[in-house]
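Trainee: I would like to go through the charged pairs, a strand pairing and the chain interface of this structure. Shall we take them one at a time?

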Amino acid sequence: MLFAEEPVFKNVSIAILERISRWLLKPSAERAQASTQTQRLGVRPPGVEARLGALSGGNQQKVALAKWLTRAPKVLVLAEPTRGMDVGAKEDVVRIVKSLAAEGMAVIVLSTEPETVLSLADRVLVMRKGELASEFKDCAISKDRLLAAA
Amino acid sequence: MDSPDAAPRRNGFSLGRILRDQLRNIAPFATLLILVGFFSFAAPAFATLGNLVNILQQASVTGIIAVGLTFVILTAEIDLSVGAIANATAIVLTFFTLQPDYVNIANIPLPGWLAIILGFAACFGLGLVTAFGVTRIGIPSFIMTLAMMQIGAGISAVLVRGQIAYSVPSLVLTLGSKSLFGVPWIIIFTALLLAVAHFVLSYTRFGRYVYMVGGNREAAEYSGVNVRLIIGSVMTISAVCSGMAGMLGVAYFGSAQQNEFDTFLLDAIAAVVVGGTSLFGGRGGIGNTIVGLFVLGVLNNGLDYVKIDSFLKILIRGIILLVALVINIYAERLRATREVGS
């Protein structure tokens with residue numbers, strides 16, 4: 001959830017504002033942090049001054065991800081990270097999340113899109129009516145088997 | 001909002017777009033220029049340096065209240081108790097000041113500095129009550145401050161019992177009614193307060209949170225912002241600003257009585273909204289409020305110069321406020337339609 005009327009950098013820095021400054025804002029530090037993360041995630045258009053509302057849904061999603069990456073979390077929980085995105089943006093998110101996992105971050109993804117789950121997960125837990133229905137681990141996970149379990 | 005990457009919106013230069021984006025900033029400024037132009041043309045005595053000082057002085061008490069209200073409205077809340085809290089604080093101040101013999105109030109004279117501290121304590125305390133009601137109990141600010149308005153009026157009534165008090169501590173008397181090299185202290189005080197408020201809103205972490213809470217409260221909450229603390233703070237700031245306006249106002253008007261500050265509620269809200277700060281929060285600021293104060297100040301002052309029926313004056317102020325509200329809502333809607341369409 002973001003601030004549509006505010007520029008990209010304020011949307012990113014809000015998560016770490018208390019780490020950057022105690023009383024007075026440090027806009028240059030905010031921009032630098034935001035710039036680093038949005039470039040890393042390939043937010044389009046580049047640059048952190050654009051109003052968030054002017055970005056596409058996929059890029060807004062990336063900004064949301066950039067916002068929490070500024071805190072360098074050990075565990076990242078993503079709820080429906082690819083919902084409502086076009087194919088290109090989905091691929092971007094999958095690539096980003098995979099690289100984060102490769103760097104050693106623990107990532108938990110909650111998704112109702114089998115494609116996203118299949119392309120991201122090392123281990124899949126299928127939930128049905130609030131209960132664990134089945135688990136896939138270290139084996140070939142196919143869409144058919146996933147849907148059959150759900 | 002979910003337009004795909006493949007079809008980016010054209011971001012070309014367009015005068016119409018800039019005008020629409022800046023409507024909330026341009027409209028108040030244009031209104032001010034038109035009013036100044038009209039009154040200067042209609043009444044030669046209007047456009048003089050002496051009258052500028054008059055306008056600023058007349059707008060000062062409203063201005064001090066409007067500073068606090070700007071914080072409140074930026075978070076998309078409202079404070080209807082400003083006038084009553086100004087009144088209650090003013091009367092607390094006079095209650096603890098030695099009054100002339102002919103004033104028939106059972107008051108408790110204390111040293112000036114102590115009376116001032118008690119005045120601040122009164123408005124701060126009332127602000128904390130509002131903050132508690134809004135943030136902890138969850139009463140909408142509109143209703144909570146309506147109750148506080150009655151409580152403020154009640155405190156005033158109980159302390160003065162229909163009488164009028166005149167004396168205030170000398171420091172307050174100086175700031176409210178004396179001048180420094182021809183410039184009234186109250187103008188200097190208001191200008192400083194506006195400057196401090198602008199600094200806080202634009203350059204501090206607290207100020208950023210105020211805008212973010214107003215822009216999208218849920219998003220602010222999910223970003224780790226202590227929304228209740230911010231809302232509680234702005235309600236308290238508003239009460240303290242009102243209290244200062246009340247104390248200086250008594251010195252400016254020369255007396256303290258019940259219902260003295262009733263008209264300042266509408267004036268202060270009008271100044272903030274006419275200036276272009278969004279009623280939905282998150283947009284606007286002290287710059288807008290300053291322009292709004294000038295619009296109201298010029299209007300109130302100018303109407304005296306053109307010898308308009310004083311009853312009509314009330315109606316004209318109402319119409320101006322209505323037009324400002326229409327522009328305020330319309331500016332927001334234009335932004336929204338641009339978001340979805342074009």
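Trainee: Is A:Glu135 buried, partly exposed or exposed?

Mentor: The model is predicted, and the answer rests on a computed accessibility. Buried requires under 20% and exposed requires over 50%. A:Glu135 has a relative accessibility of 39%, so the class is partly exposed.

Trainee: Which residue forms a salt bridge with A:Glu135?

Mentor: The rule asks for a side-chain nitrogen of Lys or Arg within 4 Å of a carboxyl oxygen of Asp or Glu. For A:Glu135 the closest N and O atoms of the pair are 2.9 Å apart, and the partner is A:Arg123.

Trainee: Where in chain A do the two residues of that pair lie, and how many residues apart are they?

Mentor: A:Arg123 is in strand S3 (residues 123-128) and A:Glu135 in strand S4 (residues 131-137) of chain A. A:Arg123 is partly exposed, with a relative accessible area of 49%. The pair links distant parts of the chain, and the separation is 12 residues.

Trainee: In which sense do S3(A) and S4(A) pair, parallel or antiparallel?

Mentor: S3(A) and S4(A) form a hairpin with 2 residues between them, and A:Lys129 in the turn has a positive phi of about 50°. The pairing runs over 6 bridges, and its sense is antiparallel.

Trainee: Why does the salt bridge of A:Glu5 and B:Arg283 join two chains?

Mentor: The closest N and O atoms of this pair are 3.5 Å apart. A:Glu5 is partly exposed, with a relative accessible area of 25%. The pair joins two chains because A:Glu5 lies in the segment before helix H1 (8-13) of chain A, and B:Arg283 lies in the loop between helix H12 (262-274) and helix H13 (286-305) of chain B.

Trainee: Which residue is linked with A:Glu5 and B:Arg283 in a network of salt bridges?

Mentor: The count between chain A and chain B is 2 salt bridges, and over all chains it is 14. The network that holds A:Glu5 and B:Arg283 also includes A:Arg51.

Trainee: Which three residues supply 24% of the area that chain A buries against chain B?

Mentor: The area buried between the two chains is about 2400 Å², and carbon and sulfur atoms give 51% of it. The 24% is more than any other three residues of chain A supply, and the three are A:Met1, A:Phe3 and A:Leu25.

Trainee: Which element gives the largest share of the side of chain A that touches chain B?

Mentor: In all, 31 residues of chain A are in contact with 28 residues of chain B. The residues on the side of chain A divide into 14 nonpolar, 8 polar and 9 charged. The elements giving two or more residues to that side are H1, helix H2 (17-20) and helix H4 (57-69) of chain A. The largest share is 5 residues, and it comes from H4(A).

Conventions:
Residues are numbered from 1 along each chain as its sequence is written. Chains are lettered from A and ligands numbered from 1 in the order in which they are written. This is a predicted model: local features need pLDDT of at least 70, side-chain atom pairs count only at pLDDT 80 or more; totals for chains, interfaces and linings use all residues. Side-chain values use heavy atoms; hydrogens and water are left out. Helices (H or I, at least four residues) and strands (E, at least two) are DSSP runs, numbered from the N terminus. Buried means under 20% relative accessible area, exposed over 50%, partly exposed in between (1.4 Å probe, protein chains only). Two strands pair if DSSP finds at least two bridges between them. Contact means heavy atoms within 4.5 Å. Buried area is the accessible area (1.4 Å probe) that two parts lose on being put together, summed over both. Ala, Val, Leu, Ile, Met, Phe, Trp, Tyr, Cys and Pro count as nonpolar, Asp, Glu, Lys and Arg as charged, and the others, Gly among them, as polar.
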